[in-house]
Amino acid sequence: MSRTLKRRDSGLTIQNFPGAPDLDADPRFVVDAMLGSFARKLRILGLDASYYRLGGDQGIIEVARRERRVILTADRSLAETARARHIPAVLVRGPSDGRRLSSVLLAAGPLGLRITRGVPLCSLCGGGLQVVGRAEVVGRVPPRVFARHRKFFRCSGCGRHYWKGSHWKKLRSFGSRLPSKEG
Ligand SMILES: [Zn+2]
């Protein structure tokens, strides 16, 4: 009830958009071509963020409409065009991915979107990661990495391997300001 009221009070909200995302489910995003590294980081944080490579406002708006995704873009005119067509769009601001994440979180509340950190997804394709035994990654990860780590993951989509190295930890701490699903 309070959520409904909050949405109604906030002016620009998405509940009336045809094809609006289900607010009770995790929001799904489509990230525009200029924000590739941002999209990869969002996936590591467990967000469903597809990346629209082709450019062109029409194309990304169509994807958002068809797949019920929220557009994340740094292009003000794209954000405005999308909203004028009743497609939810968040204008991403900031010179760094950290600032960009903050700007998305700031915009999410008034839009009625609840963004939470989830189980990490493949940064390349967004596929789910499965734990694999050490024996399965012999020769598939650099020897130094193999020697140092006990736990490995494989993407069910593209087969890429992951391990919790410094890069991974940095990315997860980048997202520490996101509430986790449990919280
Ligand atoms: Zn993958």
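Predicted model: local features only at pLDDT ≥ 70, side-chain atom pairs only at ≥ 80, totals over all residues.

Trainee: What is the phi of His86 near?

Mentor: Near 65°, which is a positive value in a residue other than glycine. Arg68 is another such case, with phi near 55°, and Arg68 lies in the loop between α3 (57-67) and β3 (70-73).

Trainee: Why does His86 count as partly exposed?

Mentor: You count the other C-beta atoms, placed from the backbone, within 10 Å of the residue's own: 20 or more is buried, 12 or fewer is exposed, and in between is partly exposed. His86 has 13 C-beta neighbours inside 10 Å, so His86 counts as partly exposed. Arg68 has 18, so Arg68 counts as partly exposed too.

Trainee: How do I read the faces of a strand?

Mentor: In a regular strand the side chains alternate between the two faces of the sheet. Now take strand β6 (residues 152-155): Phe152 and Arg154 are on the covered face, while Phe153 and Cys155 are on the uncovered one.

Trainee: Which strands does β6 pair with?

Mentor: Two strands pair if DSSP finds at least two bridges between them. β6 pairs with strand β5 (residues 129-132) in the antiparallel sense over 4 bridges, and Leu129 has Cys155 of β6 as its bridge partner. β6 also pairs with strand β7 (residues 161-163), again antiparallel, over 3 bridges. There, Phe152 stands opposite Trp163.

Trainee: How many residues lie between the strands in the hairpin of β6 and β7?

Mentor: There are 5, and in that hairpin Gly159 takes a positive phi near 80°.

Trainee: What does Gly127 touch?

Mentor: Contact here is C-beta atoms, placed from the backbone, within 7 Å. Leaving out residues up to four places away in sequence, Gly127 touches Leu121, Cys122, Cys155, Ser156, Gly157 and Cys158. Gly127 lies in the loop between α5 (97-111) and β5. From Gly127 to Arg160 it is 33 residues in sequence and 9.7 Å in space, C-alpha to C-alpha.

Key: Residues numbered from 1 in each chain as written. Helix = DSSP H or I, 4+ residues; strand = E, 2+ residues; numbered from the N terminus. Contact = placed C-beta atoms within 7 Å.
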